[in-house]
Amino acid sequence: MTTRQVGTRGVSVGGALAAPWVARRNRAENGAVTYQESVGAGVAIILCLSVLEIVLVDLVLDTLWVRLVAAAAGIAAGYLLIGFSMALSASHQVANGRLRIRYGATFAADVNTSLITSVSGQRRGGGYRRTAEVIDGALIVPVMGVTNVLVALDSPVEMELRKNVISLQEIRFFATEPETAVQLVRAAIEGTPPVPPQAPSAPDAESRPQVPGWLRRLRWAGLLILLAEIVLVTSGILDWRIAAGILAVTEGTLAVLGVVYGAAFVSQYRNLRRVGVPRAEAFSSSFFALLPPPMAELVRREMSIFRVIALAAARRTERSRLGGIPLGYGRDGRRVSTVLAVLLATAGAVVLATVSPTLPRYVVGVPLLYGALLTAAMAAASSTRPHVSHGGALRLRWGLHQELVVPIETLEEVRAEPSKSASGQDGTPDVFLVPCQGRGALVLRLASPVEVPTRLGSRRPAMTVVAPVDAAEAARDIIARAMEERSDESC
């Protein structure tokens, strides 16, 4: 049989340079299969860091031509990094008799659909570390170490990867919507037009925050204006009188934006309250819907610190609002965290009281005090935010605001195991280890998967959940009784 070839390419600087201009077009192309989400947050962070770096380097250097060269190099490097990040928003492509599998600007492989014999959705998580690698005759292009689409090839098919010619039998890659990917590839194999996937039904419009499109775009304006203020004032490009005028104009613009945001917040809050949403939930949903996603996550984390500290000071827990039976965890780690918080607070107070230069005093002392506050909140979180069995569901908590809800009816088996043996399952596909500490652990086997968080804010399904607790046997008995009650109710 004649050997067929799979065309590939490696890191493409040209692709990175063109990425900001073609990202929107690639997302809109027919036959597009996305494999990354939430790329915008990373691009925004890179953009802000690049601008700050250019300004700081300009302030440090004295010679004009050196400053110009450094600024040009910083702009070029920032643009290139933004391009590599935005290239991740480009999609896999099924069009014109070929399947193109991408990973940003670092890898691409073109396969003629005539070489494909079958395609199926099959999730595998082998802890893959490379962008693209070949294992046992399979080309693997994972995202977060996971693939969920399997393409079988009409062997033998060869490809060149890192200057080695390799024979392929199948290709595995990741897609955010594997069902859509399977339909598109299958239609290309059969030569029939793809059937558009059934869109999921949207929730009731009155039960969720309604943010107009123009306001979603406008919410970035405040951050960009503040960044412009910092650059103009600290770089010394403008005279202070001109800078003062610009500051007045920008602050006035921010005031107008504040009025617009306030009106939108009140409108959304009233709509949510009208459909019966509790006050606290309506306030939180309306507030965070008006912020850019990265900023909303930062604000949520900061607010969680003070909420946990306030609950601990008032000797209350999040269970007080929900009721239910608490399943405690993290008792052994609280003492160490508390001692560390006291040491950090003492060091911060000493620095603020004894260091004479003003700038070093605050640069060193304030972070120490903030670290003490954060450590104290983490120490108190396990007592103020216990796992809870309530209302036909398990609420498994960790950190300052993270939570996973597991319905009781999805449980097939509950076991109590030592913490060390249970944590050994971490990294196994379809297993999620709740990131907290306990003297023992509950191993929850599920009849249907639940969506669990992964790195960078994405989610994946899991069939087994391992939850550290302090009293594993008692917690298992509580959950077993809840399962029996749910079974009796269903009968």
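This is a predicted model: local features need pLDDT of at least 70, side-chain atom pairs count only at pLDDT 80 or more; totals for chains, interfaces and linings use all residues.

Analyst: Residues are numbered from 1 along each chain as its sequence is written, and side-chain values use heavy atoms, with hydrogens and water left out.

User: How many salt bridges does a search of the whole structure find?

Analyst: Side chains of opposite charge can pair when their charged atoms come close. A salt bridge here is a side-chain nitrogen of Lys or Arg within 4 Å of a carboxyl oxygen of Asp or Glu. R98, R100 and D110 are linked in a network of such bridges. Over the whole structure, the number of salt bridges found is eleven.

User: Is R397, which meets E403 in a salt bridge, buried or exposed?

Analyst: The side chains of R397 and E403 come together with an N to O distance of 2.7 Å. Buried means under 20% relative accessible area, exposed means over 50%, and partly exposed lies in between (1.4 Å probe, protein chains only). E403, at 31%, counts as partly exposed. Because its relative accessibility is 0%, R397 counts as buried.

User: What is the N to O distance in the salt bridge between E417 and R415?

Analyst: R415 is partly exposed at 23% relative accessibility, whereas E417, at 18%, counts as buried. R415 also forms a salt bridge with E413, where the closest N and O atoms are 3.7 Å apart. For the side chains of E417 and R415, the N to O distance is 2.5 Å.
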